[in-house]
Amino acid sequence: MLMSVDRSVLLLVDLQERLQPAIHDAASVLAASIWLTRVAQRLQVPVICTEQYVKGLGPTMSDLRRLLPDECVIEKMHFSALADGRLLQLAGGDRPQFIVAGTEAHVCVQQTVLDLLAAGRNVFVVDEAIGSRRASDKALAVERMRRHGADIVSREMVVFEWLRQAGSDLFRSLSREFIR
């Protein structure tokens, strides 16, 4: 099944100030997440952003947070973003396809993905936009999420499936801005 703009929501999990310095290849994970956010916004795909225990881990990284309206950011205490039931009530939370980015891959991302799958959602985890403190933990999480039914994708797979075809003004614009 292909990802589509009218069925997708981008979920950004816990890309927070005090956590990011410990994440393996954190700059790349954040850059890929920002890239996905900007593309989603251009295509009018809803974005939801979670923050785990803000008092301890700080807010979302400022370069990402400044792109997001307040109403799409939700604080949580459970590792899974679905545990308290609020996530699916946010704008876009009712969509069947979740495109997932964030940290940590083997904790909050994985638990959220497994709960989304159990809730009947189609889940697409963007490999270069997830991270953990240790690369081995990320690899294990990717393997487990895939085994349970999540599709592991690249950010370009997301944008090309969202676009569907070349030749439009939108394709040319996004291609110049994001793909080259």
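Seven helices and six strands make up the secondary structure of this chain, where helices (H or I, at least four residues) and strands (E, at least two) are DSSP runs numbered from the N terminus. Starting at the N terminus, the order of elements is β-α-β-α-α-β-β-α-β-α-β-α-α. The radius of gyration is 15 Å, close to the 16 Å of the globule rule for 180 residues, so the chain is as compact as a globular protein of that length; the radius is taken over C-alpha atoms, and the rule is 2.2 Å times the number of residues to the power 0.38.

Please keep in mind that this is a predicted model, in which local features need pLDDT of at least 70, side-chain atom pairs count only at pLDDT 80 or more, and totals for chains, interfaces and linings use all residues. Residues are numbered from 1 along each chain as its sequence is written, and side-chain values use heavy atoms, with hydrogens and water left out.

**Overall picture**

- Along the principal axes, the C-alpha atoms occupy a box of roughly 45 × 35 × 30 Å.
- Of the 180 residues, 54% are buried; buried means under 20% relative accessible area, exposed over 50%, and partly exposed in between (1.4 Å probe, protein chains only).
- Taking contacts (heavy atoms within 4.5 Å) between residues at least 6 apart in sequence, 80% link residues at least 24 apart.
- The chain exposes about 8300 Å², and carbon and sulfur atoms supply 50% of that area; the areas come from the Shrake-Rupley method with a 1.4 Å probe, and for residues only the protein chains shown count as cover.
- There are 22 positive and 22 negative side chains, with the centres of the two sets 1 Å apart. Here Lys and Arg count as positive and Asp and Glu as negative, while His and the chain ends are not counted; each charge is placed at NZ of Lys, CZ of Arg, CG of Asp or CD of Glu.

- Helix 4 (residues 105-118) is mostly covered, with ten of its 14 residues buried.
- Those buried residues are Ala105, Val107, Cys108, Val109, Gln110, Thr112, Val113, Leu114, Leu116 and Leu117.
- Their packing partners are strand 1 (8-13), strand 2 (47-52), strand 3 (73-76), strand 4 (97-103), strand 5 (122-131) and helix 5 (135-147).
- Just after helix 4 comes glycine 120, with a positive phi of about 85 degrees.

- With a relative accessible area of 7%, glutamate 104 is buried.
- Leaving aside residues up to four places away in sequence, glutamate 104 touches Leu19, Ile23, Val109, Gln110, Gly131, Ser132 and Arg133.
- Alanine 141 is 37 residues from glutamate 104 along the chain, and their C-alpha atoms are separated by 9.4 Å.

- Threonine 50 belongs to strand 2 and is buried, at 0% relative accessible area.
- Not counting residues up to four places away in sequence, the contacts of threonine 50 are Leu11, Leu12, Val13, Asp14, Leu15, Thr60, Ile74, Lys76, Ala81 and Leu87.
- Aspartate 14 lies in the loop between strand 1 and helix 1, and although it is not a glycine, its phi is positive at about 55 degrees.
- Aspartate 14 counts as buried, at 1% relative accessibility.
- Tyrosine 53, in the loop between strand 2 and helix 2 (54-57), is another residue other than glycine with a positive phi, near 40 degrees.
- Tyrosine 53 is partly exposed, with a relative accessible area of 36%.

- In helix 7 (residues 169-179), the buried residues are Phe171, Ser173, Leu174, Ser175, Phe178 and Ile179.
- These buried residues pack against helix 1 (26-42) and helix 6 (155-163).

**Cysteines**

- The disulfide count is zero, a disulfide being a pair of cysteine sulfur atoms within 2.5 Å.
- Cysteine 49 is in no disulfide, and the nearest cysteine sulfur, that of cysteine 72, is 6.3 Å away.
- Cysteine 49 is buried at 0% relative accessibility, and cysteine 72 is buried at 9%.
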